[in-house]
Amino acid sequence: MPAPPTAVGAAPVAPFVAAATARRCRAVRLRVTTYASVSSSPAPSTSAVPSPPPAWHSRKQPAGREGGPAKPAKPRVFFLDVNPLCFRGSQRSLGAFARWLALFFSHVSLRDPVVAVLDGEGGNEYRRRLLPSYKAHRPRGAGTGADSRVVDVLRECNVPVVRVDGHEADDVVATLTEQVLQKGYRVVIGSPDKDFKQLISEEVQLVMPIPEIGRWSFYTLRHYVAQYKCDPTADLSLRCFIGDEADGVPGIQHLVPGFGRKTVVKLLKKHGSLDNLLKTAAVRTVGKDYAQEALVKHADYLRKNYEVLSLRRDVNVQVDDRWLSTRDSRNDSSVLSDFILKFNEGQKLNSR
């Protein structure tokens, strides 16, 4: 049985609402507001109000084996995948967004830096050109997810917001993650999207909203290995065979019904990656006849799946060091409670 993810954040949003009732939406003076809108052109345009210099909050250093202080943990940076949080099931819901964001700030990220990322205009087109069925059941356009009210709330909570035209949020997060790791940070990605599992490592974790229990749950390298019995480096190769029904990426089972997960995992453990496996199968037998035949006959099919499912690290965006500062969280309660009150009032008006 896989190790259960660590769940955090069961507290309801009610405290924010109570606080807002007392204040009745008083004006908030912002200390920092950052927003970055990045074009896919060679010279991306960005706008940002400077943040205060980094001032990491103190961390206790546990004693080392010899009694001296242990090496301090690397600071964390959170990336928040915004669009999935704006839905309850298949329906758009600002209430769902407000609840998940409140829990995220109060139980998960605290004052660690948070960078919010949205899908850019035409973000799906690159993959749809490769595979027309990719997310074909979903409406086109960036406006199907977060709207201006969501962006405003994030800005008022001192969270930089990044959107790169021509790219999905996943690719932007993957690109920025590489840059942040090179700067010596750990990364935590807040998203329910399983595509991010291909990024998991000792330095990269996921934290996922779990609607069934109303909490965010951390998902780590240990959880992945316990669940899939293989290393995350094989995740992308594995999904090329299994497919992704939710994103409209068919696996190989409809072409070769006997080619199941156990066979794939066994071959990947031996050969390491899809590319190595296909190259080897082209010159010698690597498995049973049906597997060998499938690998040779459907090599291009699998390579296309790989290109569609792999997260890109070459998006034209650069992390701003100001985004890595300790987040000023003093506005969280007032901003979120005011947002929830306005949302509830709007719901009442619409129901009349």
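Modeller: Rings of Phe, Tyr and Trp (its six-membered ring) pair if their centres lie within 6.5 Å; planes under 30 degrees apart count as stacked, over 60 as edge-to-face and the rest as tilted. This structure holds 8 aromatic pairs. The model is predicted: local features need pLDDT of at least 70, side-chain atom pairs count only at pLDDT 80 or more, and totals for chains, interfaces and linings use all residues. Residues are numbered from 1 along each chain as its sequence is written, and side-chain values use heavy atoms, with hydrogens and water left out.

Biologist: Where in the chain do Trp 100 and Trp 216 lie?

Modeller: Helices (H or I, at least four residues) and strands (E, at least two) are DSSP runs, numbered from the N terminus. Trp 100 is in helix α2 (residues 94-109) and Trp 216 in strand β11 (residues 215-219), 116 residues apart.

Biologist: Is Trp 216 buried or exposed?

Modeller: Buried means under 20% relative accessible area, exposed over 50%, partly exposed in between (1.4 Å probe, protein chains only). Trp 216 is buried at 0% relative accessibility, and Trp 100 is buried at 9%.

Biologist: Which residues form one aromatic cluster?

Modeller: Phe 78, Trp 100, Phe 104, Phe 105 and Trp 216 do.

Biologist: What lies over the face of Phe 105?

Modeller: A charge sits over a ring if NZ of Lys or CZ of Arg is within 6 Å of the ring centre and within 35 degrees of the ring normal. Arg 327 lies over Phe 105, at 4.0 Å from the ring centre.
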